[in-house]
Amino acid sequence: MSIITISRQMGSLGDEVAKALSSKLGWDLITRDLLMERFFPDIRPDQRTRLGESAKFYLSEYKDGKTFKDTLSESLLSMAEESSAVLLGFGSQLLFSASDKAIHVRIVASDDVRLSRVQKQFHLSETAASELLSSTDRKHKRFVSHVFGKDSTDVSLYHLVLNTSFMSVDECVAAILAAFHEHELRIRISSETKTEGAIDHQTDRPVFKNPSEAEFAKILDMYHIDWKYEPKTFPVEWDSEGNVTLAFSPDFYLTRFDTYLELTTMNQKYVTKKNRKLKKVKELYPGISIKIVYKKDFLELAERLKAFGSPDPGNGQEK
Amino acid sequence: MDEIRYKKILFDNEKILSRVNELGKKISSDYQGKELVILGVLKGSLFFFTDLARAIDLPLQLDMIAIGNIPDMTKSTGIVRITKDVDINITGKHVIVVEDIIRTGLTTAYLLQTLEARKPASIEVCTLLYNPERQLIDLPVKYYGFEVDRSWLIGYGMDSGEYGRNLPFIAELEH
C-alpha cells in the first residue's frame with residue numbers, strides 16, 4: 001500500500017494540505033491524536049502529557065520491553081501493509097525513509113507569512129506569535145532529532161518541498177498528486193520484471209538516440225498515448241562470470257497499455273537480428289508485452305503526423 | 001474522378017454480408033439480457049455498422065462517433081480529437097465499438113481511453129478487417145470479420161481520397 005508523509009512548519013497550512021489530500025485520495029489521515037488512540041489505547045493521562053512535552057520520553061519503555069518509539073514504528077509499518085494513508089507529522093518521513101511505496105513532502109512558508117497566519121489564527125500580538133513560532137519550530141526539530149537522530153529541516157529527506165507563500169493549498173495537493181502518480185508508475189515499471197534481472201534506468205535523463213524516436217514520441221502524443229522512453233534494459237545473454245553480454249532496451253513503454261515498443265527504421269538484416277533478440281526477451285521475461293514497430297508502419301504513421309494541420313489529413317487507411 | 005482503379009476484389013458483397021450476419025448472431029447470443037450500445041466510428045465503418053446493427057437481434061441503442069485531426073496552433077503537429085461525440089449515455093452499459101479496419105490500433109486505443117473514462121459496464125471492439133501482426137497495442141478485439149495483410153483497401157465504407165466508399169465490395173487498391 002502507499003504512504004504520503006507530510007512534515008510541516010507551523011503556520012505553513014500543512015495540516016490543511018494533508019486534510020485536502022487525504023479527502024481527495026479517499027485515504028485515512030493519520031494525525032498524532034489518532035495515533036495515540038489507535039496504537040496506545042491503554043496509555044495513562046500522565047504518559048500522554050509527557051509524550052506531548054518530551055521527545056526523549058518516546059525512547060522510554062511503553063510495555064513488554066518495547067519503547068513508545070518501537071511500538072509506534074511497528075504499528076505504523078504494519079498499518080501501511082494493510083491500507084494507504086496520509087501521515088501528518090511525528091517524523092513519519094523517517095519511519096518510511098527506506099520504503100519505495102512512500103513519498104515524503106515538506107510544507108513550508110516564509111517567516112513573514114507564517115507570522116501573519118499565526119497572529120490571525122490565535123489572535124496574538126506580533127511578539128507572542130513570533131515566540132510561539134520559534135518555540136514550536138524548536139520542539140518539532142528536537143523531536144525528530146531525539147527520536148530519529150535526524151534534522152527534520154534537511155530538504156534531502158523529502159521528495160517534494162512546497163512553499164505556501166507562493167502556492168495555494170489546492171496547488172500543493174495537485175503537485176503532490178502528480179508526483180505521487182508518476183512515482184507510483186515508475187516503481188511499478190521498475191518492480192515488474194526485477195526478479196528476472198531486468199535493469200531499471202528510469203531515473204536517467206531520457207535522450208532520444210535518433211530523430212525517428214523523437215518523431216515517434218510525437219506520433220504517440222498526437223494520439224494522447226502516454227509513454228516513457230527506454231525505461232528498462234532486459235539482459236538476454238551472460239558470460240560464464242555472469243556479466244551481461246547481450247541486452248535489449250525497448251525504446252518506448254506505453255504506460256496505460258502495459259506494452260513496450262521497439263522501433264526499427266533500418267534495413268532487413270538488422271530487423272532479423274532484432275527479432276531474434278526479441279524472441280529471447282519473451283522467453284526470459286514471460287508476461288511482458290513487446291512489439292516491434294516496422295519501418296513501413298513507422299513511415300505511414302510519420303506521414304500521417306505530417307498531414308496534421310492540413311484540412312484533409314488523408315484517407316483514414318492508417319488506423 | 002472518372003473511375004476508381006483497383007487491383008482485385010478481396011471480399012464481394014455476398015461474402016461480406018454473410019460474415020456480418022454471423023457476427024450479428026454471435027453478438028446477439030453474447031449480449032442476451034444486457035443493455036447494449038453499439039458505436040460506429042465514422043466514416044469508414046458506416047455500411048458495416050448499419051448492416052451489423054440490423055443483423056443483431058436484440059434491443060439496442062446505437063450512436064456514431066467521429067475522430068478528426070485538429071491542428072494544434074502551438075505545435076507543428078496537431079492532435080487527434082473527437083469531432084462528433086456520443087450523444088447517448090454509455091455509463092453502466094455494455095459498449096461495442098465498431099470499426100472498419102484496425103492496423104496499428106493507435107486511433108482505436110485513443111478512442112477506448114476516452115470512452116473508458118465514462119465508465120461503461122464493458123467495452124469491446126468489433127472490426128470488419130483486422131491485421132493482428134501490425135497491431136502495436138493489445139486491444140479488446142472480441143469480434144472481427146476478416147484478417148487482412150498490409151494492402152491498401154477500398155470500398156464498403158473505406159475510401160481513397162474520399163472516393164470509393166459506396167462500392168459494395170472490398171478491393172485492393174493499386175498503391
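The legends below describe close-up views of a predicted model. Residues are numbered from 1 along each chain as its sequence is written, with chains lettered from A and ligands numbered from 1 in written order. Because the model is predicted, local features need pLDDT of at least 70 and side-chain atom pairs count only at pLDDT 80 or more, whereas totals for chains, interfaces and linings use all residues.

**View 1. Confidence along chain A.** The mean pLDDT (the predictor's confidence in each residue, from 0 to 100) of chain A is 86, and 95% of the residues score at least 70. Over residues 309–318 of chain A the pLDDT is below 50, and this stretch has 19 contacts in the model beyond near neighbours in sequence; two residues are in contact if their C-beta atoms, placed from the backbone, lie within 7 Å. Confidence in chain A is lowest in strand S8 (residues 199–200), at a mean of 79, and highest in strand S7 (residues 160–163), at 96. Strands (E, at least two residues) and helices (H or I, at least four) are DSSP runs, numbered from the N terminus.

**View 2. The two domains of chain A.** Chain A is divided into domain 1 (3–191) and domain 2 (196–307), with bounds from an automatic or database domain assignment. The C-alpha centres of these domains lie 41 Å apart. Contacts link 4 residues of domain 1 of chain A to 7 residues of domain 2 of chain A. On the domain 1 side, the touching residues comprise 2 nonpolar, 1 polar and 1 charged. Here Ala, Val, Leu, Ile, Met, Phe, Trp, Tyr, Cys and Pro count as nonpolar, Asp, Glu, Lys and Arg as charged, and the others, Gly among them, as polar.

**View 3. An open antiparallel sheet in chain B.** Three strands of chain B, in the order S1-S9-S8, form an open sheet of 3 strands with antiparallel pairing. Its edge strands are S1 (6–11) and S8 (153–154), each of which pairs on one side only. S8(B) and S9(B) (residues 170–173) are joined in the antiparallel sense over 2 bridges; strands pair if DSSP finds at least two bridges between them. The bridge partner of Ile154(B) in S9(B) is Ala171(B).

**View 4. The largest nonpolar core.** A nonpolar core is a set of buried Ala, Val, Leu, Ile, Met, Phe, Trp, Tyr and Cys residues joined through C-beta atoms within 7 Å. A residue is buried if 20 or more other C-beta atoms lie within 10 Å of its own, exposed if 12 or fewer, and partly exposed in between, with C-beta atoms placed from the backbone. Among the 64 residues of the largest core, Tyr223(A), Phe48(B), Val97(B), Val98(B) and Ala109(B) touch the most other members. Leaving aside neighbours within four places in sequence, Ala109(B) is in contact with Tyr223(A), Ile225(A) and Phe257(A), and with Ile137(B) and Leu139(B).

View 5. In helix H2(B) (residues 46–55), the buried residues are Phe47(B), Phe48(B), Phe49(B) and Leu52(B). Their cover includes helix H1 (13–30) and strands S2 (36–42), S5 (94–102) and S6 (122–130) of chain B. Lys43(B) lies in the loop between S2 and H2 of chain B, and the peptide bond from Leu42(B) to Lys43(B) is cis, with omega near -10°.

**View 6. Two loop residues of chain A with positive phi.** Phe90(A), in the loop between strand S5 (85–88) and helix H5 (92–95) of chain A, has phi near 45°. Phe90(A) counts as buried because it has 24 C-beta neighbours inside 10 Å. His123(A), in the loop between helix H6 (111–122) and helix H7 (126–148) of chain A, has phi near 50°. His123(A) is exposed, because 8 other C-beta atoms lie within 10 Å.
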